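Open the model in your viewer and keep the selection tool at hand. Take the stops in order.

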Amino acid sequence: MGKVWIEKIFDDPEIYVLRVDDGKIRYFEAVWEIPEGITYNAYLLKLPKATVLVDGWKSDYSEEFLKTLSKLVDPAEITHVIVHHTEPDHSGTLPKVLEANGYRAKILCSAFAKKLLENFYDITENVNVVSDGERVNLSGKTFRFLMVPWLHWPDTMVTYLEEDGVLLGCDVGGGYSMPNALDDSSDSVVREYLPFVTKYVVTVIGHYRKYILENLEKLKSLPIKAILPGHGLVWRRSPEILLRHYLEVAQGKVEEGKVLVLYDSMYGFVEKLMDEVLKRLDGFGMKPVVFKFSDSERSFVSDVLSHVPSSQALIFGVSTYEAHLHPVVEHAVRLIAEKASYEKPVLVFSVHGWAGVAEKVMGEILGKTHLKVVEFVEVRGGKTEEAKIGEAIEKLLKTLGR
Ligand code: FEO
């Protein structure tokens, strides 16, 4: 069982965080490699005349969740449960909580979440739909519900505690990893953690990037003093750092000189070509970040994706495999296309033995994205084609104004 954290994070209103560290997970959503793990955060608000539970944990931790919750309150005394988002990493413990509660609590959620609660758990009783901007007064505190669709599902909403400037964000503001602190009070903890926010945003929410920008715009006018997300750190010192970071990831703010280089190499031919590419990039003072799929190495696609937003350009080295694109690199490229379709220039180097098909498939995949291919360079087998490489890189750098 993962480490459980339970701490009062605000005195007025009295808010507790209930966090579990999931270090046994290997693939979030059965896709994303996360050796760093993830936390599930729920919150409990003990108000004079209401006890409000906000979200929950993944169902694997149901027993532990009830045990943890019971240290703070008798579950039967919970009067309201806010369900921000029904993805089971946040809602999985709800059936057991309701059972322990005797189904007395009022569930507050979006109209879409109401449908999903029925689909997932057959929960239909006491489900109260709230609308965008609706304010509900609970024990003298104003809970304002804001719909933030596609952040991460169409059901998703956040809650803003008006008198206190606290935003309960669920997926909004969350990140992977199990930080060794509960909140953002240490600069070094924040520094280490932010790349995992990037990784979560791109892998989980990246497909809906335009909605991140739209929804952030919606939150912009709120005086936010703290953000309590469903994963990772609680932000009660500098929530503006998190909001700025979110915006920069969604916008694809680049690091000067950073180039993402991704290639497959079965027998070293592509690697030889890419070594030449890297040598040239180095000569121009660029800072390549390299991800490789070979017979001895396999990069994590989740890491590849998390480096796309901050890269100025992307360079792919791909091979033809059975009249198609190499399957492992195809998996990575398709996920980049789905999740990280930023307006960035791209170079594609493709290598073949007797018939080149990889270039055509890359063109089809990338053609449906915002990524813009500056040049395709087709190379036979073990040839290096230094002149072609040099020209292509110079063309790419020109698009970057270098
Ligand atoms: Fe953390 Fe969309 O669930």
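**Ground rules**

This is a predicted model: local features need pLDDT of at least 70, side-chain atom pairs count only at pLDDT 80 or more, and totals for chains, interfaces and linings use all residues. Numbering starts from 1 along each chain as its sequence is written, and side-chain values use heavy atoms, with hydrogens and water left out.

**Stop 1: the two domains**

Colour residues 4-251 as domain 1 and residues 258-399 as domain 2. These bounds come from an automatic or database domain assignment. The C-alpha centres of the two domains are 38 Å apart. Contact here means heavy atoms within 4.5 Å.

**Stop 2: the interface**

How much area is buried between domain 1 and domain 2? The figure is about 1,300 Å², with 59% of it from carbon and sulfur atoms. Buried area is the accessible area (1.4 Å probe) that two parts lose on being put together, summed over both. Now select Glu 33, Val 202 and Arg 209. They supply 41% of the area that domain 1 buries against domain 2, more than any other three residues.

The rule asks for a side-chain nitrogen of Lys or Arg within 4 Å of a carboxyl oxygen of Asp or Glu. It finds two salt bridges across this interface.

Polar contacts come next. Eight residue pairs, both at pLDDT 80 or more, are in polar contact between domain 1 and domain 2. A polar contact is a pair of N or O atoms within 3.5 Å; within protein, one must be able to donate a hydrogen and the other to accept it, and residues adjacent in sequence count only if both atoms are side-chain atoms.

Helices (H or I, at least four residues) and strands (E, at least two) are DSSP runs, numbered from the N terminus.

**Stop 3: salt bridges**

The count by this rule comes to 26 salt bridges. Select Lys 253 and Glu 248: their side chains meet at 3.6 Å, N to O. Glu 248 is partly exposed, at 26% relative accessibility. Buried means under 20% relative accessible area, exposed over 50%, and partly exposed in between (1.4 Å probe, protein chains only).

Move to Arg 402 and Glu 256, whose closest N and O atoms are 3.1 Å apart in a salt bridge. This pair links distant parts of the chain, 146 residues apart: Arg 402 is in the segment after α12 (386-399), and Glu 256 is in the loop between α7 and β15 (258-265). Arg 402 is partly exposed, with a relative accessible area of 42%.

Then pick Arg 280 and Glu 276, which form a salt bridge at 3.0 Å, N to O. Both are in helix α8 (residues 269-283), four residues apart, so about one helical turn separates them.

**Stop 4**

Select Asp 12 and Pro 13. A cis peptide bond joins them, with omega about 0°. Pro 13 is in the loop between β1 (4-10) and β2 (14-22).

Asp 55 is not a glycine, yet its phi is positive, near 60°. Find Asp 55 in the loop between β6 (50-54) and α1 (62-70); it is buried, at 9% relative accessibility. Tyr 103 also has a positive phi, of about 60°. Its loop runs between α3 (94-101) and β8 (106-109).

**Stop 5**

In α1, the buried residues include Phe 65, Leu 66 and Leu 69. Their cover includes β1, β2, β5 (38-47), β6 and α3.

Finish on Ser 91, in helix α2 (residues 88-91). Ser 91 is buried, at 3% relative accessible area. Its side chain has a polar atom 2.8 Å from the backbone oxygen of Thr 86. A polar contact of 2.7 Å joins the side chains of Ser 91 and Tyr 121.
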